[in-house]
Amino acid sequence: MDVHEAVTTRRAVRGFTGRPVPKGSLERVMSAAAWAPSGSNIQPWHAYVVTGGPLAEIKKRAGERLAAGDPWDEPEYEMYPPELTSPYRERRSAFGEQRYGALGIPREDLEARQRAASANWDCFGAPAALFCYIDRTMGPAQWSDVGMYLQTVMLLLRAEGLHSCPQMAWAKFRRSVAEVLSPPDELLLFCGMSIGFADAAEDPGRTGRAPLEETVTFVGD
Ligand SMILES: Cc1cc2nc3c(=O)[nH]c(=O)nc-3n(C[C@H](O)[C@H](O)[C@H](O)COP(=O)(O)O)c2cc1C
């Protein structure tokens, strides 16, 4: 698979088959992803790749909390600015319309939206997941390094025939994740990522993108 195909076939998959992810694939992906760039090569990430019993335990703990109505963990970073300005606000609501519209959930049915969102904490049925941490002393430039790292992982997964869904949602159950993974105190959970083989029945269609001229300016000949 060439890079162009990996980029254009990657999408946030929210339905996976239970087919196990070969360990060799995960090892190949993580070994190659280590070559992702970072400012001054400081590699400010730490990824836990989790399968089997430990992942089942994380899902179970999150599921129990959800069922008990246990409140989410206080986020350790701001997922979005409190006041999203235009055009980001409109793009976000267009995404919500598409995501929940594809599931037949109307805008006003917040409970049904919440139920659909709760599949996040079952990793949408995926048999593998990655939990990506960043050292809490890091600033915006290093968070951007982590983003590049995660995209590198997701593209390499495509080359193995695998799909993924990056999930900030896991930051809301970071304590349950930490109970199983025991990360050192200096690490902060940025996001989780579901990994597996896509369930062909799930595909809700491609998300759109803003017209190129809204996000890119070509200058020169
Ligand atoms: C950092 C990050 C966090 C995300 N968190 C979630 C999440 O918690 N749950 C979810 O279903 N999708 C999540 N997504 C997926 C986005 O909604 C998705 O990438 C976006 O709508 C574009 O769609 P596409 O990836 O299918 O092209 C996240 C994506 C990124 C990059």
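The legends below describe close-up views of a predicted model. Local features are reported at pLDDT of at least 70 and side-chain atom pairs at pLDDT 80 or more, whereas totals for chains, interfaces and linings use all residues. Residue numbers start from 1 along each chain as its sequence is written.

**View 1. The open sheet has 4 strands in the order β1-β2-β4-β3.** Strands (E, at least two residues) and helices (H or I, at least four) are DSSP runs, numbered from the N terminus. The pairing in this sheet is antiparallel; two strands pair if DSSP finds at least two bridges between them. β1 (45-51) and β3 are the edge strands with a single partner each, so one side of each has no neighbour in the sheet. Neighbouring strands are turned against each other by 25° on average, direction ignored. Between β2 (residues 128-135) and β4 (residues 187-196) there are 8 bridges. A128 has I195 of β4 as its bridge partner.

**View 2. Helix α6 lies across β1, β2, β3 and β4.** The helix runs at about 160° to β2. Axes are lines fitted to C-alpha atoms, for helices over the stretch in contact, and angles run from 0 to 180 degrees between N-to-C directions.

**View 3. Helix α2 (residues 23-33) crosses helix α6 (residues 140-159) at roughly 140°.** The two axes come within 9 Å. The angle makes α2 oblique to α6; under 35 degrees counts as roughly parallel, over 145 as roughly antiparallel, 65 to 115 as roughly perpendicular, and the rest as oblique. The crossing is right-handed, meaning that the near helix is turned clockwise from the far one by less than a right angle. V29, A32 and A33 of α2 meet Y149, T152, V153, L156 and L157 of α6, contact being C-beta atoms, placed from the backbone, within 7 Å. This contact has 7 nonpolar, 1 polar and no charged residues. Ala, Val, Leu, Ile, Met, Phe, Trp, Tyr, Cys and Pro count as nonpolar, Asp, Glu, Lys and Arg as charged, and the others, Gly among them, as polar.

**View 4. Helix α3 crosses helix α7 (residues 174-181) at roughly 150°.** Their axes come within 9 Å, and the crossing is right-handed. From α3 the contact takes P54, E57, I58, R61, A62 and R65, and from α7 it takes S176, V177, E179 and V180. By class these are 5 nonpolar, 1 polar and 4 charged residues.

**View 5. The ligand has a shell of residues that includes R11, F95, N120 and T207.** Also around the ligand are A12, R14, C165, P166, Q167, M168, A169 and C191; a residue is near a molecule if its C-beta atom, placed from the backbone, lies within 6 Å of it. Strand β3 (residues 163-167) gives the largest share of the shell, 3 residues. The shell divides into 7 nonpolar, 3 polar and 2 charged residues.

View 6. P87 is in the loop between α3 (52-67) and α4 (88-102). In the loop between α2 and β1 is N41. N41 has a positive phi of about 55° although it is not a glycine.

Note on methods: Two residues are in contact if their C-beta atoms, placed from the backbone, lie within 7 Å.
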